[in-house]
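Me: I am new to this structure and would like to understand the words used for it. Could you take me through them slowly, setting each value against its cut-off?

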Amino acid sequence: MPVHRKRFRIEEAIGVELPRPEADEAGPMHREIMAELRAIRAQMGMPGRSATGIEGHVAREAAEAQVLLETYRAQIEQCEKLKVELDLIHDAINRTKREIAVLHGKSFDGQEMAKVNGELGAVVGGTEQATQQILEAAESIDQAASALSRVNSPEQQKLLSEEIQERIVSIYEACNFQDLTGQRISKVMATMKFIESHINVMMEIWGGVDAIKAHAPAILDTREGDARLLNGPKLDGDAGHASQDDIDALFD
């Protein structure tokens, strides 16, 4: 809309008219203020938009914002709990790695396991050699004793007696394998106990023996034929030992 400006007397006296401001030269602030006033007037003139309705709308928006805030808080709490669990798992994995590293460095490397196998092989070899020596000595004693009963010459009796004594000394020497065997097996047992202790620590890290047993697969005996019956000698305290009462019951 054009703006009409008053004409001043000085302009009429000198016959000059000052330039009139155009309508578009109105400040932008004035236009924005007028636009806001028109918008407010339009909102106030809408049907059903009373002050009570506006207050209800604001209350609903505030309630929705509160519900959204509570949802975000619950999600943050869940994330914090998840972080704690992940930290515990991370710590358990790192501790397990350390235990495995110790086992690998001191028990499972090639040198240590070769040493254990060597000790067990020496036990088997030493036992076999001592058994062979004892059997040979016993056979020689038996032969010398049989010959001694048939010899009447004192000199031959003396020679046979000396041979028997030598064989007995040989048996004593062969029995020394027990001491060496005990020492070798003690080394193997120390290694096995070291491994067992670290495995127990790893099981404790992951919840203990009961938690590990829950994931253990069922043990199935897949042996067939005679192999299924060869279980070896039982240890003291193992189930299945036959007592004297069981043997007596067979003859009742």
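Reply: Let us begin with a term: a residue is called buried when its relative accessible area is under 20%, exposed when that area is over 50%, and partly exposed in between. The model shown is a predicted one, and in its helix α5 the buried residues are Leu 160, Ile 164, Ser 170, Ile 171 and Ala 174.

Me: What makes the buried residues of α5 line one face of the helix?

Reply: Seen down the axis of α5, the buried residues fall within an arc of 115 degrees, and therefore they line one face. On the other side of α5 the exposed residues are Pro 154, Glu 155, Lys 158, Gln 165, Glu 166 and Tyr 172.

Me: Why is Thr 96 called buried?

Reply: Thr 96 has a relative accessible area of 13%, and a residue counts as buried under 20%, so the word applies. Thr 96 lies in helix α3, residues 51-106, and, leaving aside residues up to four places away in sequence, Thr 96 touches Met 202, Ile 205 and Trp 206. Among the buried residues of α6 are Met 202 and Ile 205, together with others including Thr 181, Val 188 and His 198.

Me: What makes a set of residues a nonpolar core, and which residues form the largest one?

Reply: The residues must be buried, must be of the nonpolar kinds counted, and must be joined through side-chain atoms within 4.5 Å. The largest such core has eight residues, namely Ala 137, Ile 141, Ala 144, Ala 147, Val 151, Leu 160, Ile 164 and Ile 171. The elements giving two or more residues to this core are α4 (110-150) and α5, and α4 gives the most, with four.

Me: How are Cys 79 and Cys 175 classed, and how many disulfides does the structure hold?

Reply: Cys 79 has a relative accessible area of 52%, and because the cut-off is over 50%, Cys 79 is exposed. Cys 175, at 38%, counts as partly exposed. The structure holds zero disulfides, a disulfide being a pair of cysteine sulfur atoms within 2.5 Å.

Me: Finally, what is the secondary structure of the protein as a whole, and what share of its residues is buried?

Reply: The protein comes to eight helices and zero strands. Buried residues make up 12% of its 252 residues, while the protein exposes about 21000 Å², of which carbon and sulfur atoms supply 59%.

Conventions: Residues are numbered from 1 along each chain as its sequence is written. This is a predicted model: local features need pLDDT of at least 70, side-chain atom pairs count only at pLDDT 80 or more; totals for chains, interfaces and linings use all residues. Side-chain values use heavy atoms; hydrogens and water are left out. Buried means under 20% relative accessible area, exposed over 50%, partly exposed in between (1.4 Å probe, protein chains only). The arc is that of the directions from the helix axis to the C-beta atoms. Contact means heavy atoms within 4.5 Å. Accessible areas come from the Shrake-Rupley method with a 1.4 Å probe; for residues, only the protein chains shown count as cover.
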